[in-house]
Amino acid sequence: MMFLLSFWTQDYLILDKSFTLNNYIEAFTQPVYQLLFSRSLYISLTVTFFTVLLAYPMAYYISFYGGNRKALWLFLITIPFWTSYLLRMFLWKVILGYNGVLNSFLLWLEMITEPLTFILYNSNAVIIALTHGWAPFAILPIFVSLEKIDRSLLEASRDLGDGPIKQFFRVILPLSMPGVVGAALIIFIPTVGDYITPKLVGGTDGLMIANMIQVQFSKANNAPLAAALSVSSLVIVAFISIVFVLINKKHLRRY
Amino acid sequence: MGKLVQVKNVFKSFGDVHAVNGVSLDIQEGQFYSLLGPSGCGKTTLLRLIAGFEKPTSGQVFIDNISMDGIEPNLRPTNMVFQNYAIFPHLNVEENVAYGLRNKREKRSDQNKLVDEALELVGLSGLNKRSANALSGGQKQRVALARALILKPKVLLLDEPLSALDKKLREQMQSELRHLQRAVGITFILVTHDQYEALTMSDRVAVMFDGKVAQEASPRDLYELPNSQKVASFIGEMTFIKGEIIGENKNLQVQSEIFGKINIEKSRVFGQSSKKMVLGIRPEKIAIVPKTSRSKDLISGKIIDVSYFGETTNYKVSCGTTETLTISSQNSVGQLSYSVGEEIQLKADMNNIIAFSI
């Protein structure tokens, strides 16, 4: 339906059903859409990167030092989900705002003389909020892949002369790559299309492609263009996801 | 050849469990040494203490007269062959074998030559690029061996390396390991629960029960002169009968229902000599003799059970008392076989009887 729609044209109240590629040409040539696409990818990839970077140590800690409290730790990780996503994103406004918690605190510490403004209503704010929102989703697949590593392999690597750091890079990281790539996909795919977070904390500099799609569907009343943008982002996400999967395959092949 | 590994009064507890409970051992350089015992006796923990994967609660391990206190496994002159082999699944055979070498400073081309040599040593030439997951159990075993031996450790530790293999392959690997050890001259410490494995492969064996070394001896002495009933029945079979001391000079005179009055050398008496003793004899030290033979120390009895093992047959014989004897008879040329209920005559080799205190 959406795919079909993307080849039509909206003419005020009438939907012109003759086949056209104009929507796609517009989607890929208009600077504003190019900007939104690239910003969405930039935000999403940065979020993916930081989320995995944050989640890995947590998963590592739970897996290797969780002892018999692993279940408890995993349970604690779900606590953020007890409140709604919307509420959590909204709270970032409270934390990052001009008179927000962070600024007040830094002012009180006298580390800054006037409130920071680069932390809300731009891409950075979206990145921070999304990273926080999605971190728990990244922990689980990494945790599972770490759990699956046979502990005797770690002893073997120590026995064969590896110190802790070498051991990490030669055994633990390569063997947990499937989990890392899985986590990256889980974060990347939904965050590209996220629309609540940029709407709440992104201001105008932090808007993403999903916000534009929403605008085109509703206010601008240009459903075909919105559809074309959706299909385009779908294709882009699919393409990048396949790259991720291929990287994963390369690591998985040996197992 | 001096003492290479010294374990000095080592204790190791996990919570309330005393896995190793005061063990002292000296292992000579170049020996094939086995730690033998039932599961849970602490033998694997002892091996892991030597490797450095566990820290002793008290006591010390010395290798080459250097205390291993606080020395991490990667800095110890030991390498280990793990029970499940611990082959890295993301690396191929060559990368697995070269794993430890890559931590050293030798040239890459020299390392590759060493890898080829090691693979040849364990009979895996040409499998360099084979994926670790495409290996059979026996091949994994060989990769694990090559990976450890290539580093030329002072001590090679083997944690039940053959227990996962089927019987034929296990026997083949036993003799290969033995030959390999002689060829490379490295001290091997093998953990096993299989007494025949320990006896056939080792220069020396330490038998462990409940975290303690019960006996440490050469395989022959361990079998012929076990120092307790527990060791005797763990290693092979032994028949125990009651006896009573009736006199003592340079030998011990013991009276028992089945054997009558016999002399036992002092070197074959273990434990505090008290009035009551237990006499032990291995099943193959008793022979079934023809009914026609006449001698004063023959024992007559009646077969109550027969177990056929192929090369040997075991008979349980009642000798008119409450006690029974077990006899193992080789099914060699000319050997008669007997069936349950038959009356037979036995001749026991009285020089092979051992006396234990109760």
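Predicted model: local features only at pLDDT ≥ 70, side-chain atom pairs only at ≥ 80, totals over all residues.
Two strands are said to pair if DSSP finds at least two bridges between them.

I begin in chain B with a pair to which the definition applies. Strand S3, residues 32–36 of chain B, and strand S8, residues 187–192 of chain B, run parallel to one another and are joined over 5 bridges. One of the positions concerned is B:Leu35, whose bridge partner in S8(B) is B:Val191.

These strands belong to an open sheet of 6 strands in chain B, ordered S6-S7-S8-S3-S9-S10, in which the pairing is mixed. Why do S6 and S10 of chain B each have one side without a neighbour in the sheet? Strand S6 (78–81) and strand S10 (212–217) stand at the edges with a single partner strand each, so one side of each is left without a neighbour there. From one strand to the next, the twist of this sheet averages 20°.

Chain B also holds an open sheet of 5 strands, and here the order is S16-S20-S17-S18-S19 with antiparallel pairing. The edges are taken by strand S16 (286–289) and by S19 of chain B; each has a single partner strand, so one side of each lacks a neighbour in the sheet. In this case the twist from one strand to the next averages 50°.

Within that sheet I would draw attention to a hairpin. Strand S18 (residues 312–318) and strand S19 (residues 324–330) of chain B pair in the antiparallel sense over 7 bridges. B:Val317 stands opposite B:Leu325 in S19(B), and B:Ser318 stands opposite B:Thr324. There are 5 residues between the two strands, and in this hairpin B:Gly320 adopts a positive phi near 80°.

I turn now to chain A. Its content is 12 helices and 2 strands, and from the N terminus the elements run α-β-β-α-α-α-α-α-α-α-α-α-α-α. The C-alpha trace of chain A spans about 75 × 55 × 30 Å along its principal axes.

Two packed helices are described by the angle between their axes and the distance between the axes. For helix H3 (residues 31–65) and helix H9 (residues 164–192) of chain A, the axes come within 9 Å and cross at roughly 145°. The crossing of H3(A) and H9(A) is right-handed. Among the residues making the contact are A:Leu41, A:Leu45 and A:Val52 of H3(A), together with A:Ile187 and A:Phe188 of H9(A). By class, the contact comprises 11 nonpolar and 5 polar residues, and no charged ones.

H9(A) itself is not straight. A kink of about 50° lies at A:Met177, shortly before the proline A:Pro178. What separates the end C-alpha atoms of H9(A), given its 29 residues? They are only 36 Å apart, short of the 42 Å that a straight helix would reach at 1.5 Å a residue.

Finally, let me consider how the chains meet. How many residues of chain B are in contact with chain A? There are 20, and they are in contact with 16 residues of chain A. On the chain B side, the residues touching chain A divide into 10 nonpolar, 8 polar and 2 charged. Thank you for your attention.

Technical notes. Residues numbered from 1 in each chain as written. Chains lettered and ligands numbered in written order. Helix = DSSP H or I, 4+ residues; strand = E, 2+ residues; numbered from the N terminus. Contact = placed C-beta atoms within 7 Å. Nonpolar A, V, L, I, M, F, W, Y, C, P; charged D, E, K, R; others polar. Axes fitted to C-alpha atoms, helices over the stretch in contact; angles between N-to-C directions. Left-handed = near helix turned anticlockwise from the far one by under 90°. Expected span 1.5 Å × (residues − 1). Bend = angle between axes of the 7 residues up to and from the residue.
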